[in-house]
Amino acid sequence: MIQITLQKELTAASGIMLLDINIHIQQGTLTTLYGNSGVGKTSILRMIAGLLQPDEGQIIVNQKTWLDTKKGICLTPQQRKIGFVFQDYALFPNMTVKENLLYALEKGQDKEIISQLMHIIELKDLQHQKPNKLSGGQKQRVALARALVRKPEILMLDEPLSALDIKMRAKLQDYILKAHQQFGLTTLLISHDIAEVIKMSDIVLNIENGKIIQQGKPIDVFTTKQVSGKFQFSGEIVEIKKEDIIYIVTVLIGSNFVKVVAEETEVQTMKIGDKIIVASKAFNPLLQKIK
Amino acid sequence: MIDWQPLLLTFKLALTTTFLLIVISIPVSYWLAHTKSRIKPLLETLISMPLVLPPTVLGFYMLVVFGPSTTLGAWLNDYLGLRLIFSFKGLVLASIIYSLPFMVHPIQAGFANLPTTLTEASYVLGKSKITTIFNVLLPNIKPSILTGIVLAFAHTIGEFGVVLMIGGNIPGKTKVASIAIYDEVEALNYVAANWYSIILFIITFSILLLVYLINGGYLKKFWK
Amino acid sequence: MNVLKGKITAIKTNDSISIVTIQVASIFFNTILIETPDTAPYLQKGNSIKIIFKETEVIIGKGTTHLTSIQNQISGEIINIEKGMLLSKLIIDTTVGKITAIITSDATDQLQLKIGEKITSMIKTTEIMLSQ
């Protein structure tokens, strides 16, 4: 059980924002912090990692106190057993892939974990490369493997997949899930992609303006509360076009585009880039077997 | 032929100064690159002063402060046996102060340009500050350090004003090549002056060339 | 999207499918769902709920009485027609509020629909969604 209470005044683009959250996380779950940029998601992870000091707060991980501002306890990042995958990966350019992993070993730790990780995350072929020779997806995998060497109590990933194309993303999501399950990790992930959240997480925390406005299973948070339609997908509006007296809205769902007819009053509330749910009744779609 | 001593002394001075400058500059640069202290601008200004002040100003004040007739100079001489005026040690001290910005600036810029996530990633992996500096930060600013070394080394070799002020012209102790050349010209001994100059030119040219070749990675194919 | 607020008055369930009756003003709407009160907690008699159906799924019948298999029928009066090349948008005033329908302009012409005309709007049971 991980209990986190944090308060901090942050300077956001829109002025001063008070971050105030209270999270309980079950051991072994994958929790996603969902929300637009600038709502404090990264700050939350950095405070849990000990890279940022909250004004007030308490972090208790498996009965161990990592932070308690009232008692003046604050463990350094080194003392907290965490894995952190940074948005820019932060691989050490002077070390090869294998050296990056070896660097993460604790004194006296068995080197076996390195070959185990290189096997699971398929890094064997890359092990002697320097990071600047790697593609974004490969760097990402190395960063993930490096974060796992210490067998962290919490693995945190700061929007790790945002810079990758859709195909690569799906593959890396699988790597993360595989590692999460195989090592029985407790994982915190930042994402602003609904499809990703639904695929990856047990619990999602919807964050707005430094506060958690909604939490629960992603499917509950994002879907059923809204409509009963069984044929539901979340996606992003990529085009809105007026044709005749109606509008045709093109929505990107995963890597597929779908077109939906909409009426003027609906379109008025939407703009390109909006996240939306496409819903229909289970009675309408046709099924056709692919030959 | 010429007397080799001034040339040897020049390189001894440059090597000693550069070595000590590395030791001093790394912590100073690291501190400057990361501190939010209010005295940072003051310290940066002080370090940069040798860039604008004539070297004679530094030499003059060293004479005033460390001269044997001053309290500090006398105390250093009596209790520590340290004479900083008209001595090699004094030259080293003056050269360090005089070349400090040439070493500190590139290294400080190197530290500042490294993404902070590198440091954070290392901390999160449980590594101490010292381990992080030596295994992650310094190896990744090698070009900056090399630039600092080259600049400080070259600058020390080319020193004249400070040496003249506080070193005097003691053969084997403080008579470096630049002074020797000046002496020979004064004595209208142009041949000797020419020899000193050519040798100084060739050696420094070779050193700089080598450094730039290494820094640019041109030599990699030879040892790979 | 037509959205109407109502109350659940009856739920008939068989295996995982339910037919839910919702009263909006004096009109009863029926909808069929792959949900049961067990899988969807909001399916309770007396619960307030919104019914949703798309404009393009509204069928227009001239006059007021029709014998069809369509169970959801609301009579009303056309208060506006916006005619495009292929499609027309009708706004219909009914006892449950304004309903928008999009039908082909050919249909509008063939039925000779005019503003002020009394018509019946119909929605199939399989086209109504529920929302909390």
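In what order do the 6 strands of the open sheet in chain A stand? The order is β7-β8-β9-β3-β10-β11, and the pairing is mixed. Strands (E, at least two residues) and helices (H or I, at least four) are DSSP runs, numbered from the N terminus. Two strands pair if DSSP finds at least two bridges between them. This is a predicted model, in which local features need pLDDT of at least 70 and side-chain atom pairs count only at pLDDT 80 or more, while totals for chains, interfaces and linings use all residues. Residues are numbered from 1 along each chain as its sequence is written, and chains are lettered from A and ligands numbered from 1 in the order in which they are written.

At the edges of the sheet stand β7 (82–85) and β11 (211–216) of chain A. Each has a single partner strand, so one side of each is left without a neighbour in the sheet. Neighbouring strands are turned by 20° against each other on average, direction ignored. The axes behind this angle are lines fitted to C-alpha atoms, for helices over the stretch in contact, and angles run from 0 to 180 degrees between N-to-C directions. Strand β10 (residues 203–208) of chain A runs antiparallel to β11(A), and 5 bridges join them. Within this pair, A:Val204 stands opposite A:Gly216.

Chain C holds 1 helix and 10 strands. From the N terminus, its elements run β-β-β-β-β-β-β-β-α-β-β. Strands of a sheet pair through backbone hydrogen bonds, either parallel or antiparallel. In chain C, β1 (residues 2–14) and β2 (residues 17–24) pair in the antiparallel sense over 7 bridges. C:Ile11 has C:Val20 in β2(C) as its bridge partner. The two strands form a hairpin with 2 residues between them. In that turn, C:Asp15 has a positive phi of about 55°.

β3 (residues 27–33) of chain C runs antiparallel to β2(C), with 7 bridges between them. C:Ser18 stands opposite C:Leu33 in β3(C).

C:Pro37 lies in the loop between β3 and β4 (48–53) of chain C. Is C:Pro37 buried or partly exposed? It is partly exposed, because 15 other C-beta atoms lie within 10 Å. A residue is buried at 20 or more such atoms, exposed at 12 or fewer, and partly exposed in between, with C-beta atoms placed from the backbone. Of the 132 residues of chain C, 33% count as buried. Leaving out residues up to four places away in sequence, C:Pro37 touches C:Ile11, C:Thr13, C:Leu43 and C:Gln44. Such a contact requires C-beta atoms, placed from the backbone, within 7 Å. C:Pro37 and C:Lys12 are 25 residues apart in sequence and 9.9 Å apart in space, C-alpha to C-alpha.

The largest nonpolar core has 107 residues. A nonpolar core is a set of buried Ala, Val, Leu, Ile, Met, Phe, Trp, Tyr and Cys residues joined through C-beta atoms within 7 Å. Among the residues with the most contacts inside the largest core are A:Phe84 and A:Leu144. Helix α5 (residues 88–113) of chain B gives the most to this core, with 9 residues. A second, separate core of 27 residues includes C:Leu43, C:Phe53, C:Val58 and C:Ile123.

Note on methods:
Two residues are in contact if their C-beta atoms, placed from the backbone, lie within 7 Å.
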